[in-house]
Amino acid sequence: MSMLIDPTTITPDTLPPFATRLRQAADLVWEEGYHQPFLRELGAGTLKRERFTFYLLQDYRYLGDYAKVHALALTKTDDPEVMAFMADVQNSIFHVESQMHRTYMASYGVSDEEMRNVRQSAFARAYTSNILTIAYAKPLVDILVAVLPCAWVYSDYGRRLAAEFADSLEHNPYKSWVDMYKTDSFWSSSQWLIAHIEQLAEDLDEHRRRELVDIFVTGVEHEYMFWSSAYDMQMTWKPGWDRA
């Protein structure tokens, strides 16, 4: 196994080889995701509050499962650095990102109890069921690839929205959302994941590499559907199937 790449040398424009392959494989859905109505209107500050509320409630539920995936990853390694990263992500979820959700929800009149009891949409459940299955059944590298889309897509979209809507962002009601994900601090999680995936994937055969590419692209597709279903406020696979 090769020496670990210094994560700080990784930028969106200077990716190592396997990360480049992952990004290129997901390019179509990645770019369509950035240009879908939810992100367009969020960046412009015109997204209807009820759509953003739907998204936040589903994302709050998602983050609980995302934290569980990182907890399960701890069981797949004895590397103290990897274990520390997984613990740090869980800490961030419970003390940083969830606080943003609570702040928004409180301003919308949504209580903590309502947040905890919200039903998960079919699309969110498909996403979290997939990454939890990988976390239970697969090796560490598969888990790192499964969680990378969430970290990387949010960082990319946050930076791009901040740049594209820089002239109007100051008065955008969703400014704090963009501000959280545009930072170098948030990008650092993707840097860490990319560096470790690159090292772990180097000795894998082509069959296993294709499996990892599929995991990654599926994750980016799930990210797309998460926002798309939030924009449509769609809880089930087909409109009309919803239940109380």
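## Helix 3 and its surroundings

Gly45, with a positive phi near 80°, follows helix 3. Helices here are DSSP runs (H or I, at least four residues), numbered from the N terminus. The model is predicted: local features need pLDDT of at least 70 and side-chain atom pairs count only at pLDDT 80 or more, whereas totals for chains, interfaces and linings use all residues. Residues are numbered from 1 along each chain as its sequence is written, and side-chain values use heavy atoms, with hydrogens and water left out.

Helix 3 spans residues 37-44, and its buried residues are Phe38, Leu39, Glu41, Leu42 and Gly43. Buried means under 20% relative accessible area, exposed over 50%, and partly exposed in between (1.4 Å probe, protein chains only). The cover over these buried residues includes helix 2 (27-34), helix 4, helix 8 (140-164), helix 9 (175-181) and helix 11 (206-232).

## Aromatic and charge–ring contacts

Across the whole structure, a search finds 20 aromatic pairs. Tyr62 and Tyr66 form a stacked pair, because their ring centres are 5.4 Å apart and their planes lie at 25°. Rings of Phe, Tyr and Trp (its six-membered ring) pair if their centres lie within 6.5 Å; planes under 30 degrees apart count as stacked, over 60 as edge-to-face and the rest as tilted. Both Tyr62 and Tyr66 belong to helix 4, where four residues, about one turn of the helix, separate them. An α-helix has 3.6 residues a turn, so residues three or four places apart point the same way.

Tyr62 also pairs with Tyr127 in a tilted arrangement, 4.9 Å centre to centre with 45° between the planes. Tyr62 lies in helix 4 and Tyr127 in helix 7 (residues 122-137), so this pair ties together parts that are 65 residues apart in sequence.

| Residue | Relative accessible area | Class |
|---|---|---|
| Tyr62 | 2% | buried |
| Tyr66 | 7% | buried |
| Tyr127 | 1% | buried |
| Val110 | 16% | buried |
| Met233 | 38% | partly exposed |

Two arginines sit over rings. The charged end of Arg23 is placed over the ring of Trp30, 4.1 Å from its centre, and Arg160 lies over the face of Tyr34, at 4.1 Å from the ring centre. A charge sits over a ring if NZ of Lys or CZ of Arg is within 6 Å of the ring centre and within 35 degrees of the ring normal.

Val110 is located in the loop between helix 5 and helix 6 (112-117). Its C-alpha atom is separated by 8.9 Å from that of Thr53, which is 57 residues away along the chain.

Met233 occurs in the segment after helix 11. Its phi is near 50°, a positive value in a residue other than glycine. Most residues other than glycine have a negative phi.

## The second largest pocket

Ten residues line the second largest pocket, and Tyr60, Arg61, Leu63, Gly64 and Phe94 lie nearest its centre. A pocket is an open set of points on a 1 Å grid over the protein atoms alone where a 1.4 Å probe fits, with protein on both sides within 12 Å along at least five of seven lines; lining residues have an atom within 4 Å of a point. Helix 4 (49-74) and helix 5 (80-107) each supply at least two lining residues, and the largest share, six residues, comes from helix 4.

How values were computed
Contact = heavy atoms within 4.5 Å.
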